[in-house]
Structures are given as C-alpha cells and as structure tokens.
Amino acid sequence: MKFSSIIAALVAAVGTVSAFEAAEGEKPHSIAFIVDYSIVEYPEITETDVVELTNGNSITLNYQAVNNEETEVTIIGVSGTFLDPTTGKVLVNLTAGQVGPLTVQPGESESFNQKIPLNVLPANYKIVPQLFVAHEDKVKHVAIRSQLATIVDAPVSIFNPQLLFLELILLASAAGLGYFVYQTWGKQYFQGTAPVASSKLRAVSPSSEGSATGGKAYDESWIPEGHLKQKKQKKAF
C-alpha cells in the first residue's frame, strides 16, 4: 500500500508525544470511523456519569472501533488529556502509546485497550482520549467522547510502613527532647524542691532542751542565794 511507509515511520515514533502533536496541529480530516469505549474497572459507568477514581490505581479503557469508510483504516496510536471541566484547560497530557498497528477493513470493527495510570493532583477532570489512525496516506485524529471524573488520594492507613516509620521517628525525637529538657532544667528543679528530713532542719533551743530533759537551761551563779532559796521553797509547796 502507498501509506505502508507512513505507518512504519509512525509506529517507530509513536512512543513520543511529538509525533502526535504534529498530527494534532494539522487541519482535522473528516473520517467515518466511529470509536467508543468503556472503563473495564467500572463497567456500570456511562458517559453521563462522573466516575470516582483513586490515585495510585490504574484504569483500562476498552475501545470499540467501527470502520464506516469505503477503504481500510489502520489504528496506530492512542493518547489523551485531562482537562479542567470548567475552563477546558489542559491539566495533564497522557503519554502516547502504540496500538497495533491494527487494520480495520470497511464495515468491520476492532477492539483494543489503553491502560492509564493515575498519579495527578486530586481534582475534578474531564478525561479526553485521543486516537490516531492512518487513512488515505494521511494521519488523522479521531474524535472520541470525554468522561467526567473525580480523582482523590488513597486514604493512608496507620499501619502503612512509611507512616509507621515516620511515627517511630517522631516518638524517638520527642523522647530525646524530653530527656534533654529533664537533664538541663528538670533535674535541678526537682532536686532543689525535694523535702529535707525535719530532724535535720529542727533547731534545738536552750529552753526547749531544758524542758525536755528536766535540767536547767541557765547559769545560777549570778543569782543571789536568798532568791534561790525562796524559789526552792515555793517549789516545795
């Protein structure tokens, strides 16, 4: 066929986005090649639904293509974009991937899959797949319907190994900081406020010592003798 050399060149370059960007920049060519798809992991989702997806997982688009042209059409590549559903701005470009090449004869159909890994910012998106075919010596971009999606991050389990490691680091850091604070300030504070035995703090006064032992707590040598006798007689009564 005339375009066999074109297909070979595109198959060799289909792993790069630039090959598709050049085709995308050309004026669209009308082609009676109908393509639809379903999400293998969510078979109940229709084009009017919003599919809820989780980062870290992958989705598989199963395409069904019908050739309504009078000549054969060869499927050569698939790509796509994630758009902002409100503004239409391109947020993520999917890596272009090779398909086949799959040649679809007039009036026949073909199916194939595209696996899309999810690793984007959590947000609302419009997923727009892109299919590239070779027809009549030209590379053509086939329009495919879009799919609304909400992509969220997976919930983190407390038993996640990475989270457990982080928790151990935080606990060890807190323990080390607590020990440092105790050794620097706490130990001195508690030692300074600790109670001392009362027997060590109690001061024994001469008067209390004398009353406790029954002895004299003063020197009688300077007291007149008559006064001492008088005092003793009073005690005798």
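## A buried loop residue

Leu118 touches Leu53, Thr54, Asn55, Gly56, Asn57, Ser58, Ile59, Phe82 and Ile151, leaving aside residues up to four places away in sequence; contact here means heavy atoms within 4.5 Å. This is a predicted model, in which local features need pLDDT of at least 70 and side-chain atom pairs count only at pLDDT 80 or more, while totals for chains, interfaces and linings use all residues. Residues are numbered from 1 along each chain as its sequence is written, and side-chain values use heavy atoms, with hydrogens and water left out.

You will find Leu118 in the loop between S7 and S8. Its relative accessibility is 4%, so Leu118 counts as buried (buried is under 20% relative accessible area, exposed over 50%, partly exposed in between, with a 1.4 Å probe and protein chains only). Leu118 and Val152 lie 34 residues apart in sequence, with 9.8 Å between their C-alpha atoms.

## The chain as a whole

The protein chain has six helices and 10 strands; these are DSSP runs numbered from the N terminus, with helices being H or I of at least four residues and strands E of at least two. Of the 237 residues, 28% are buried. Among contacts with a separation of 6 or more, 73% join residues 24 or more positions apart.

## The nonpolar core

The largest nonpolar core has 31 residues, and those with the most contacts inside it are Phe33, Ile75, Phe82 and Leu131. Such a core is a set of buried Ala, Val, Leu, Ile, Met, Phe, Trp, Tyr and Cys residues joined through side-chain atoms within 4.5 Å. Elements giving two or more residues to this core include strand S1 (33-39), strand S4 (73-83) and strand S8 (123-135).

Ile75 has partners that include Phe33, Val99, Phe112 and Leu131.

## Gln114 in strand S7

Gln114 sits in strand S7, and its side chain reaches the backbone oxygen of Ser79 at 3.5 Å. Residues touched by Gln114 include Ile59, Tyr63, Val78 and Leu94.

## A patch on the surface

Leu177, Phe180, Val181 and Trp185 form a nonpolar surface patch with about 440 Å² of accessible area together. Accessible areas come from the Shrake-Rupley method with a 1.4 Å probe, and for residues only the protein chains shown count as cover. Patch residues have over 30% relative accessible area and no salt bridge; like charges are joined within 9 Å, and nonpolar side chains (Val, Leu, Ile, Met, Phe, Trp, Tyr) within 5 Å. A salt bridge is a side-chain nitrogen of Lys or Arg within 4 Å of a carboxyl oxygen of Asp or Glu.

Val181 belongs to helix H3 (residues 161-192) and is partly exposed, at 36% relative accessible area.

How values were computed
Polar contact = N/O pair within 3.5 Å; in protein donor to acceptor, adjacent residues only side chain to side chain.
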